[in-house]
Amino acid sequence: MHLGEMSVFPKISLKPEVTGYLRNVFLNKEVLAAVGPQEAESRFQKLLACLSHPPSSTCVRASTHLAPLEDIRLSLEEELKKQQKCGSSAEEPSVQIAPHPRITDVLLLPVDGPRAVERLSSELVVDAQCGSAVLRGAHVFAPGIVASPKYMKAGDMVSVFSDLEGRCTRGATRFQGNKVFVGNGVAEMDRSAIFATETPARGVGVRMVDPLYKSPSFDGVLPSMVFLQNLPSVVVGHVLAPQPGERILDMCAAPGGKTCHIAALMGDKGEVVALDRIRNKIDRIRQNAQTLSLQSIKAFRFNSTQAVSDEPTQEAEGPPFPPESFDRVLLDAPCSGLGQRPNMASTWSLKEICSYPPLQRKLFQAAVRLLKKGGVLVYSTCTVTLSENEEQVAWALSTFPCLSLQPQEPHIGSEGMLGAGLSPEQLRLLQRFSPELSWEQTDTTASLARRADTDTIGFFIAKFLKT
Ligand code: SAM
């Protein structure tokens, strides 16, 4: 990596109250006693730095329910070579795709970056969500563009910046606020088409040719065969270990990445009930299931806190369900999302972050009731706080004596974090993906698989058995 570039790429920007809160989490008494103040502070600072950067590898889940992994790897290699030939580079295209050494349906690709890219005088600004997608290999889609040069025409080269705080007015011609450079691209549309008021433009607005972080764009690439998914999210499906013929509940399912993985692991035999509270997100689950040729998924719009009913009902296909209806339940909980990468800025208040644990507990209570005796419950989040992770586990174990923590397979992440009063044995059974523990700006020497396992988004998984 180029350290010169790293210095211009800021740490995640958070509200001071949120930074203070997170610092107290990472420098809690138990951690300080175990590793000392210097190491605890260094981990916290590394966390802030790595959150704003994308992981150093891209993970795709392969549809091994449809074809062998090696066949999918070879097809993907072909497709990505074609994509590279269409790009600006005259060099012989090279694509490195490696199977994960332990996870049988994962392919890994290295991310090259941050690269030394020269900025141009023409500046185009995109919203923060679009900027994060560009850092993970996407092109710029027209709806994400908020400002462009006044006379920009299709074919012009532009430098693309991400508006960190959402301050840029849509349709502006320049923006002096807090922004970060994410690479150079070629406009595919005139400015007038991008900001047309009657028919808002869709599709690629800027094709990235010289991104700060280079990784393939998977847009439209073998859609039925590969699914872009963070490695810890793939681990969740394997930890749940659904079996053919079982009935599984995915309580917070949209857009359905894990739902589809569960159905695929079951060979599409059995039933996967997917719930989500937001109506249009249910369409995404159905679309994903259709694209991946999965028939066993049934998706419903429903508030999962109310998914269990004590009323004697006839065997219903949809929610609410009688207690003990499912062999396995996944609660991939709504959370503060503070493990997501890259995340260059969050405008969330501490109140918003602290609103999640009570909702997670309500969902958890429903999950325990809906699970059969002898069934498995997996709880996961993509955040790094104790209150949404280890403290929820401590609460669950004391509230539901029928639950016991179970070992996880695979266990690739680190163990649970100190600070919630859990015993060393309990912490060892938890899986926390902690990029700050391994993240080094200069470590490009580690193998692709090693980097993929450690340089991940921040994530948490707990597995329970109901007896
Ligand atoms: N499991 C999903 C996947 O892998 O694609 C991601 C789930 S995301 C972390 C959390 C989801 O919970 C959101 O889609 C949100 O709409 C949904 N949600 C929030 N509150 C809910 C509730 N009370 N009942 C059902 N879904 C809820």
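1. Helices here are DSSP runs of H or I with at least four residues, strands are E runs of at least two, and both are numbered from the N terminus. Ile353 sits in helix α10, residues 350-353. The model is predicted: local features need pLDDT of at least 70, side-chain atom pairs count only at pLDDT 80 or more, and totals for chains, interfaces and linings use all residues. Residue numbers start from 1 along each chain as its sequence is written, and side-chain values use heavy atoms, with hydrogens and water left out.

2. Ile353 is buried, at a relative accessible area of 2%. The cut-offs are under 20% relative accessible area for buried, over 50% for exposed, and in between for partly exposed, with a 1.4 Å probe and protein chains only. Apart from neighbours within four places in sequence, Ile353 is in contact with Val18, Tyr21, Ser336, Leu338, Trp348 and Glu388; contact means heavy atoms within 4.5 Å. Ser233 lies 120 residues from Ile353 in sequence, and their C-alpha atoms are 21 Å apart.

3. Helix α4 covers residues 69-86, 18 residues in total, and spans 26 Å from its first C-alpha to its last, close to the 26 Å expected at 1.5 Å a residue. The expected span is 1.5 Å times one less than the number of residues. Its buried residues are Leu69, Ile72, Arg73, Leu76, Glu77 and Leu80. The arc is taken over the directions from the helix axis to the C-beta atoms. Lys85 and Cys86 are exposed on the other side of α4. The cover over the buried residues of α4 includes β1 (57-62), β2 (98-99), β3 (106-110) and β10 (226-228).

4. Glu70 also belongs to α4. Glu70 is partly exposed, with a relative accessible area of 39%. The side chain of Glu70 makes a polar contact of 3.0 Å with the side chain of Arg73, which is one of the buried residues of α4. A polar contact is a pair of N or O atoms within 3.5 Å; within protein, one must be able to donate a hydrogen and the other to accept it, and residues adjacent in sequence count only if both atoms are side-chain atoms. Between the C-alpha atoms of Glu70 and Pro323, 253 residues apart along the chain, the distance is 42 Å.

5. Helix α9 (residues 279-291) has 13 residues and a first-to-last C-alpha reach of 19 Å, close to the 18 Å expected at 1.5 Å a residue. Ile282, Ile285, Asn288 and Ala289 are buried in α9. Seen down the axis, these buried residues fall within an arc of 125° and therefore line one face of the helix. Asn280 and Gln290 are exposed on the other side of α9. Among the elements covering the buried residues of α9 are β10, α8 (257-265), β12 (271-276) and β13 (297-301). Ser293, which follows α9, has a positive phi, near 55°.

6. Of the 19 residues around the ligand, the nearest are Lys258, Asp276, Asn303, Ser304 and Asp332; a residue counts as near if one of its heavy atoms lies within 4 Å. An N or O atom in the side chain of Lys258 is 2.9 Å from an oxygen atom of the ligand. The ligand taken alone exposes 610 Å², of which the protein buries 88%. Accessible areas come from the Shrake-Rupley method with a 1.4 Å probe; for residues, only the protein chains shown count as cover.
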